[in-house]
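Please read the following report alongside the sequence and the structure, which are shown just below.

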Amino acid sequence: MPIMQSAPGARTVIDGRSRLYFAGTSYLGLHGDERVIEAACDAARRYGIHTATSRAGFGENPLTLAVEQAAARFFQAEDAFYFVTGYAGSMALMQSAGRMFSLVLVDSLAHFSVNDGALMMRAPVVPFLHGDADHLRDMFKQHAKPGQPVMVLCDGVSPVLGDIAPVHDYLEVIGEQGGATLCVDDAHGVGVLGVNGRGTLEHAGNLAGKPIAINGSGWREGMEGSLLCATLSKAMGGFGGIIPGPSSFISEVKAGTHWFNGASAPPAPIAGATAKALEILINEPQLRQKLHANVSRLKAGLRSMGHAVQDTPVPIICLELGDAANMRRIQQALMERDIAIAYASSYSGVGPQGALRIAVCAAHTDAMIDQLLAALRETC
């Protein structure tokens with residue numbers, strides 16, 4: 001396995017060499033930001049490594065609360081729940097809000113964490129075809145009774161394929177059913193999509209001209225709103241899971257999940273870094289604008305080469321080029337040119353041959369993107 005020996009960025013040291021880095025999930029380039037790193041160092045000096053207890057014990061400190069306050073401000077919510085890993089977001093929601101549902105319909109290519117969340121509900125789990133609202137409707141007809149409380153689970157953005165869930169199509173189906181709710185794990189959408197970067201649900205609301213309420217009272221009425229969890233470890237530049245919403249809802253979640261009273265609180269340096277990253281994200285929207293410009297440049301270049309890539313602001317590009325051996329060859333040829341892209345041999349959403357995954361970030365320059373495109377023209 002390759003070894004990363006520096007902070008991730010547009011250029012990253014991997015296996016002892018500085019390489020152009022078009023992989024990972026640091027879409028806004030904040031994980032190596034000097035301000036974020038200094039905030040982590042300052043937090044360690046002031047508060048140590050960790051409170052060494054759960055948040056329900058003596059595990060609260062000013063930094064965990066600062067993350068929640070900054071996240072609430074970012075999402076324009078009253079409150080937020082910050083916990084140690086974004087992977088647990090679906091599980092935390094299902095432990096609390098999921099108890100009222102007696103059937104789970106889950107996207108067939110959803111991330112491992114979404115499927116783990118589905119299992120927390122202890123209800124029958126039925127998959128529907130990835131991104132297919134018509135098949136979702138069929139699964140309702142086959143498995144749900146009219147008015148039955150049903151939970152529909154999906155990713156906001158597929159982590160390797162890079163496609164965006166058709167949220168409004170899902171909500172239309174849910175509205176026909178009655179008693180159903182959509183829950184979106186938006187790990188790769190938050191910080192990237194939407195006018196304000198609030199993710200897939202904001203993006204869908206922007207396109208339709210009709211906002212979608214997040215984690216408010218309306219989630220129980222389907223079309224009135226949806227459930228949302230996200231991670232701070234990707235575009236947001238920090239680490240840990242986040243659930244925003246009204247204070248009453250957040251209190252319900254904290255009371256209903258053991259990620260508040262049983263899991264260790266996020267480490268102080270991580271919380272300090274995350275609070276600073278959120279502050280930067282809120283105050284510097286130009287980072288997201290630069291990311292979108294880079295996404296547009298890279299995707300336009302790939303289309304000029306004949307690759308079918310989606311025209312969306314998502315910074316993930318999935319290429320399936322022949323069989324596994326050919327894609328490994330391409331990845332290795334780029335590494336020899338000191339350009340790192342990912343090959344996902346087995347992951348949520350990829351086929352049996354795997355796929356090449358390219359991720360662009362806000363810190364890439366036009367010259368870096370053009371260098372990647374030139375190398376792909378030579379190797380593909």
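Gly89 has a relative accessibility of 0% and therefore counts as buried, the limit for that term being under 20%. The model in which this is seen is a predicted one. Gly89 is found in helix 3, which covers residues 89-96, and, leaving out residues up to four places away in sequence, Gly89 touches Phe83, Cys229 and Ile243. Leu278 lies 189 residues from Gly89 along the chain, and the C-alpha atoms of the two are separated by 18 Å.

Strand 9 (residues 225-231) is accordingly described as mostly covered, with 7 of its 7 residues buried. The pairings of strand 9 are listed here.

| Partner of strand 9 | Sense | Bridges |
|---|---|---|
| Strand 7 (residues 180-185) | parallel | 3 bridges |
| Strand 8 (residues 213-214) | parallel | 2 bridges |
| Strand 10 (residues 241-245) | antiparallel | 2 bridges |

Elsewhere in the model, 5 strands form an open sheet in the order 1-2-12-13-11, with mixed pairing. Strand 1 (11-14) and strand 11 (316-319) are the edge strands, each of which pairs on one side only, and from one strand to the next the twist averages 45 degrees. Strand 1 and strand 2 (residues 17-22) run antiparallel and are joined by 4 bridges, with Thr12 standing opposite Arg19 in strand 2. Helix 13 (residues 366-379) packs on the sheet, where it touches strand 1, strand 2, strand 12 (339-344) and strand 13, and its direction makes about 90 degrees with that of strand 2.

Strand 2 and strand 12 run parallel, joined by 3 bridges, and Tyr21 stands opposite Ala340 in strand 12. Strand 12 is in turn joined to strand 13 by 3 bridges, and these two strands run antiparallel; Ala355 in strand 13 is the bridge partner of Ala344. Because 5 of the 6 residues of strand 12 are buried, this strand is largely enclosed by the rest of the structure.

Which residues of helix 6 (residues 167-177) are buried? They are Val167, Tyr170, Leu171, Val173, Ile174 and Gln177, and, because these residues cover an arc of only 160 degrees around the axis, they lie on the same side of helix 6. Just after helix 6, Gly178 takes a positive phi of about 80 degrees.

Val173, Ile174 and Gln177 are also among the residues in contact with Phe140, which, leaving aside its neighbours within four places in sequence, is in contact with Leu105, Val150, Val152 and Ala180 as well. The largest nonpolar core has 88 residues, and those touching the most other members are Phe22, Leu105, Phe140, Leu182, Leu298, Ile358 and Leu372. Helix 10 (residues 268-283) supplies the largest share of this core, 8 residues. A second, separate core of 26 residues includes Phe81, Met94, Leu227 and Ile250.

How values were computed. Residues numbered from 1 in each chain as written. Predicted model: local features only at pLDDT ≥ 70, side-chain atom pairs only at ≥ 80, totals over all residues. Heavy atoms only, no water. Core = buried A, V, L, I, M, F, W, Y, C linked by side-chain atoms within 4.5 Å. Buried < 20%, exposed > 50% of the residue type's maximum accessible area, 1.4 Å probe, protein only. Contact = heavy atoms within 4.5 Å. Arc of directions from axis to C-beta. Pairing = 2+ DSSP bridges. Axes fitted to C-alpha atoms, helices over the stretch in contact; angles between N-to-C directions.
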